Amino acid sequence: MRAQSSAITSSRIAVGVTSGDTAGGSLGTVQAALGVVAFSLTFPATAWGLEGFGPWSLIAVRSILAAAVAGACLLVLRVAPPERRHWLGLAVVGAGVVLGFPLLTTLALQTSTTAHAAVVVGLLPLTTALFSALRVGTRPSRTFWVAALAGAAAVIAFTVQQSGGALTSADAYLFAALLVCAAGYTEGGRLARVMPGWQVIGWALVLCLPLAAPMAAVALSYEPVHPTAHSVTGLLWVAIGSQFLGLVVWYRGMAAIGIPKASQLQLAQPLLTLVWSVLLLGEHLPVAAPLTAAAVLVCIAVTQRARG
């Protein structure tokens, strides 16, 4: 009887753990997906911001605004500074997602369309998964890698075809942005396992403030500023929506479902960016977009179900 009772109890515990893991995984997927939606608005919002601000001014001011919001949250909640061993990782996050990726993509968008810039985002999920395998030691299954490569290929083919297949002067900025962002995502996802995701990006923003403040002072003195409703809205979104709130839910999602699986949700980001570009920038929706979207959704479904 005792053995039977023990078996029943163990079975209930196992069911409870499985249910909790499933619920946590579902919530993590939703959080990561919300991050992708926030990120998908970054390029159109940046294009709006460039209507009234220079590229260096836009990047510096957005970093300062985001750091102010993050710093206020950390101060009000009396969050203790991270342990010394985490500061190097936070510096990687700051260099990658706070300064590097925004600056490089903003410079690229001066001469590139949002559709062409989406090539970076099309490669970012695969690159992040590769960085994760090297840095964190994750080992996704072969099915995962095949689906990830197929999704990346579909997005790249679509975006390159839309840009006429020709390389532009912005490509160097875009590929550099790809590398630094993947490094920042991977390090942030790793840190989000030991501290809340909002604190990861919050401390990274605060850490970059000593660089962003003088950069803003110099940039604003050299670049003309002509604020408009579009440019101010774009600035506020990239500062608070993309730079802070989007990364908060993104890192929480990465910590819950793993860096590789979360990264593959970004396969949908270029297509979402295209939709926003049509609605906000007046660009035309290509006929191939729905077909590419269907292919990408299939690849995402496979990566989310793949083991490892």
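**Figure 1. The cavity.** A search of the whole structure, which is a predicted model, finds one cavity of 30 Å³ or more. A cavity here is a set of points, on a 1 Å grid over the protein atoms alone, where a 1.4 Å probe fits but cannot get out. Rolling a probe the size of a water molecule over the atoms shows where empty space is left. The largest cavity holds about 190 Å³ of space, a volume being the space filled by probe spheres set on the points, with grid points joined across faces, edges and corners. Its lining has 17 residues, and Phe39, Thr42, Arg62, Phe101 and Tyr185 are the closest to its centre; lining residues have an atom within 4 Å of a point.

**Figure 2. The lining of the largest cavity.** At least two lining residues come from each of α2 (42-49), α4 (87-108), α5 (114-135), α7 (171-191) and α9 (229-257). Helices are DSSP runs (H or I, at least four residues), numbered from the N terminus. With four residues, α4 gives the most to this lining. By type, the lining has 10 nonpolar residues, six polar and one charged. Ala, Val, Leu, Ile, Met, Phe, Trp, Tyr, Cys and Pro count as nonpolar, Asp, Glu, Lys and Arg as charged, and the others, Gly among them, as polar.

**Figure 3. A nonpolar surface patch.** Leu65, Val232, Leu236, Ile240 and Leu245 make a nonpolar patch of about 360 Å². Such a patch joins nonpolar side chains (Val, Leu, Ile, Met, Phe, Trp, Tyr) within 5 Å, from residues with over 30% relative accessible area and no salt bridge. Areas come from the Shrake-Rupley method with a 1.4 Å probe, and for residues only the protein chains shown count as cover. Helix α9 gives the most to the patch, with four residues. Val232 lies in α9 and is partly exposed because its relative accessibility is 34%; buried means under 20%, exposed over 50%, and partly exposed in between.

**Figure 4. The salt bridges.** The structure holds two salt bridges, each a side-chain nitrogen of Lys or Arg within 4 Å of a carboxyl oxygen of Asp or Glu. Arg85 pairs with Glu83 (2.6 Å, N to O). Arg85 is exposed at 59%, and Glu83 is partly exposed at 46%. Arg190 pairs with Glu187, also with N and O atoms 2.6 Å apart. Both lie in helix α7, three residues apart. Arg190 is partly exposed at 24%, whereas Glu187 is buried at 6%.

**Notes.** Residues are numbered from 1 along each chain as its sequence is written, and side-chain values use heavy atoms, leaving out hydrogens and water. In this predicted model, local features need pLDDT of at least 70 and side-chain atom pairs count only at pLDDT 80 or more, while totals for chains, interfaces and linings use all residues.

Technical notes. On a 1 Å grid over the protein atoms alone, a cavity is a set of points where a 1.4 Å probe fits but cannot get out, and a pocket is an open set with protein on both sides within 12 Å along at least five of seven lines; lining residues have an atom within 4 Å of a point. Patches are made of residues with over 30% relative accessible area and no salt bridge: like charges are joined within 9 Å, nonpolar side chains (Val, Leu, Ile, Met, Phe, Trp, Tyr) within 5 Å. Buried means under 20% relative accessible area, exposed over 50%, partly exposed in between (1.4 Å probe, protein chains only).
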